[in-house]
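Thanks for coming. I will go through the salt bridges in this structure, and then through its pockets.

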Amino acid sequence: MKGHRMHLDHVGLSVADLEAMTRWYCDTLGLRESAPFTIDAIGLRGTFVIGDDGFAIELLEREGSQPGLQAPDTATALLTRGYGHIALRIADVEGTHAALLAAGASERMPPQQSPEAGVRMSFVADPEGNLIELLDRSGAVGS
């Protein structure tokens, strides 16, 4: 694959309540919902919530799913291997952080200076406990 162009297409997120989480992500982040879909053979329902720039989160609800890691903070979340959070690049960390808290998110790390120079960051958890990082990085990752 070296030399081939690629970009991240979407992030998949398993949720307990598809309708509630679709509304929350659309209302709080200004995303729009795509056409819902089902895979009856495995009891799966899903939809994509999509930003104006094409960023997408695939919300998936499967019968019998169980909650995973519900870490109280980001340091504890890093004690479990695997995908740990969604990171959103935004212009106003403090304002967005406050708006998400007002909309039902819970605070996991208040806005503060990132280890990366010139970048502010924070963490919240959506109403089902999934971690969302907010950061105002203006350049490319790692630059």
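**Salt bridges and pockets**

Glu19 forms a salt bridge with Arg45, and their closest N and O atoms are 2.7 Å apart. A salt bridge here is a side-chain nitrogen of Lys or Arg within 4 Å of a carboxyl oxygen of Asp or Glu. Glu19 sits in helix H1 (residues 18-29) and Arg45 in strand E4 (residues 44-50), so the pair ties together parts that are 26 residues apart in sequence. Helices (H or I, at least four residues) and strands (E, at least two) are DSSP runs, numbered from the N terminus.

Before I go on, some notes on the source. This is a predicted model, in which local features need pLDDT of at least 70 and side-chain atom pairs count only at pLDDT 80 or more, while totals for chains, interfaces and linings use all residues. Residues are numbered from 1 along each chain as its sequence is written, and side-chain values use heavy atoms, with hydrogens and water left out.

Why do such pairs form? Side chains of opposite charge can pair when their charged atoms come close.

How many salt bridges does this rule give? The count comes to 5.

Back to our pair: are Glu19 and Arg45 buried, exposed or partly exposed? Glu19 is partly exposed, at 40% relative accessible area, and Arg45 is partly exposed as well, at 27%. Buried means under 20% relative accessible area, exposed over 50%, and partly exposed in between (1.4 Å probe, protein chains only).

Next, Asp52 and Arg32 meet through their side chains in a salt bridge, at 3.9 Å from N to O. Asp52 lies in the loop between E4 and strand E5 (56-62), and Arg32 in strand E2 (residues 32-33), so this pair ties together parts that are 20 residues apart in sequence. Asp52 counts as exposed, at 76%, whereas Arg32 is partly exposed, at 45%.

Then there is Arg137, which forms a salt bridge with Glu116, with the closest N and O atoms 2.9 Å apart. This pair links distant parts of the chain, 21 residues apart: Arg137 is in the segment after strand E9 (131-135), and Glu116 is in the loop between strand E7 (106-113) and strand E8 (120-125). Arg137 is buried, at 17%, and Glu116 is partly exposed, at 22%. Salt bridges that share partners also join Glu19, Arg45 and Glu61 into one network.

Now the pockets. On a 1 Å grid over the protein atoms alone, a pocket is an open set of points where a 1.4 Å probe fits, with protein on both sides within 12 Å along at least five of seven lines; lining residues have an atom within 4 Å of a point. A volume is the space filled by probe spheres set on the points, which are joined across faces, edges and corners.

The largest pocket has a volume of about 810 Å³. It is lined by 28 residues, and Leu13, Leu69, Tyr83, Gly84 and Asn130 lie nearest its centre. Which element gives the largest share of that lining? It is E1, with 4 residues.

The second largest pocket holds about 480 Å³ of space. Its lining has 17 residues, with Asp53, Phe55, Ala87, Leu88 and Arg89 nearest its centre. Strand E6 (residues 86-89) gives the most to this lining, with 4 residues.
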